Amino acid sequence: MSRNIFGPTQPNEGSTARDHLANERTYLAWHRTGISVAALGVAVAKFAPHRGGHAVAAGLILIGAGLLVSAYGTARYRVISRQIESGEFAPATFAAVVTSSVVTVLALLAVVVLI
């Protein structure tokens with residue numbers, strides 16, 4: 001096993017490389033979604049007409065939701081990476097449902113605050 005600036009390299013046996021690349025694509029999708037939600041929060045806070053403090057509060061809620069999505073994606077990426085290396089897999093049904101539910105509730109709360 002050799003090292004490079006990104007960490008140790010792994011032998012490309014079976015589907016290991018493909019699994020790691022799929023995990024990385026999924027991580028990037030979570031991160032992209034988090035950035036999009038946070039950017040929406042910035043846009044709401046900055047450009048919601050005549051809403052003042054309500055727009056800022058809604059924007060901050062959306063920014064928090066975006067950060068939560070990115071944090072979950074990062075944690076999940078690390079867990080799956082370790083599972084791939086150990087040859088095990090445990091679906092994250094509970095954690096994914098909780099994260100998605102919390103983000104949905106936060107988004108609805110932001111809409112209520114904005115109205």
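This is a predicted model: local features need pLDDT of at least 70, side-chain atom pairs count only at pLDDT 80 or more; totals for chains, interfaces and linings use all residues.
Colleague: What makes Leu-60 exposed?

Modeller: Leu-60 is also placed in helix H2. Its relative accessible area is 54%, and exposed means over 50%, so Leu-60 is exposed. Leu-60 and Glu-88 are 28 residues apart in sequence, with 38 Å between their C-alpha atoms.

Colleague: Why is Gly-64 called partly exposed?

Modeller: Gly-64 has a relative accessible area of 32%. Under 20% would be buried and over 50% exposed, with partly exposed in between, so Gly-64 is partly exposed. Gly-64 has its place in helix H2. From Gly-64 to Ser-86 the chain runs 22 residues, and their C-alpha atoms are separated by 33 Å.

Colleague: How do you know that Ala-39 is partly exposed?

Modeller: The relative accessible area of Ala-39 is 43%. The value is between the cut-offs of 20% and 50%, so Ala-39 is partly exposed. Ala-39 is found in helix H1. Ala-39 and Ile-63 are 24 residues apart in sequence, and their C-alpha atoms are 7.2 Å apart in space.

Colleague: What makes H1 and H2 roughly antiparallel to each other?

Modeller: Two packed helices are described by the angle between their axes and the distance between the axes. Helix H1 covers residues 16–47, and it packs with H2 at an angle of about 175°. Angles over 145 degrees count as roughly antiparallel, so H1 and H2 are roughly antiparallel. Their axes are 6 Å apart.

Colleague: Which kinds of residue make up the contact of H1 with H2?

Modeller: That contact has 20 nonpolar, 13 polar and three charged residues.

Colleague: Why is H2 called roughly antiparallel to H3?

Modeller: Helix H2 (residues 53–86) and helix H3 (residues 93–114) pack at about 170°, and their axes are 8 Å apart. With the cut-off at over 145 degrees, H2 is therefore roughly antiparallel to H3. On the H2 side, residues making the contact include His-54, Ala-58, Ile-61, Leu-68 and Tyr-72. On the H3 side, Ala-95, Thr-99, Val-103, Leu-106 and Leu-114 are among them. The contact of H2 with H3 divides into 19 nonpolar, two polar and no charged residues.

Colleague: How do you know what radius of gyration the chain has against that of a compact globule?

Modeller: For 115 residues, a compact globule would have a radius of gyration near 13 Å, but the chain has 18 Å. The C-alpha trace spans about 60 × 30 × 15 Å along its principal axes.

Colleague: What share of the chain is buried?

Modeller: Buried residues make up 27% of the 115 residues. The accessible surface of the chain is about 7,800 Å², and carbon and sulfur atoms hold 68% of that surface.

Colleague: What share of the contacts with a separation of 6 or more joins residues 24 or more positions apart?

Modeller: Such pairs account for 67% of those contacts in the chain.

Note on methods:
Residues are numbered from 1 along each chain as its sequence is written. Side-chain values use heavy atoms; hydrogens and water are left out. Axes are lines fitted to C-alpha atoms, for helices over the stretch in contact, and angles run from 0 to 180 degrees between N-to-C directions. Helices (H or I, at least four residues) and strands (E, at least two) are DSSP runs, numbered from the N terminus. Angles under 35 degrees count as roughly parallel, over 145 as roughly antiparallel, 65 to 115 as roughly perpendicular and the rest as oblique. Contact means heavy atoms within 4.5 Å. Ala, Val, Leu, Ile, Met, Phe, Trp, Tyr, Cys and Pro count as nonpolar, Asp, Glu, Lys and Arg as charged, and the others, Gly among them, as polar. The radius of gyration is taken over C-alpha atoms; the globule rule is 2.2 Å times the number of residues to the power 0.38. Buried means under 20% relative accessible area, exposed over 50%, partly exposed in between (1.4 Å probe, protein chains only). Accessible areas come from the Shrake-Rupley method with a 1.4 Å probe; for residues, only the protein chains shown count as cover.
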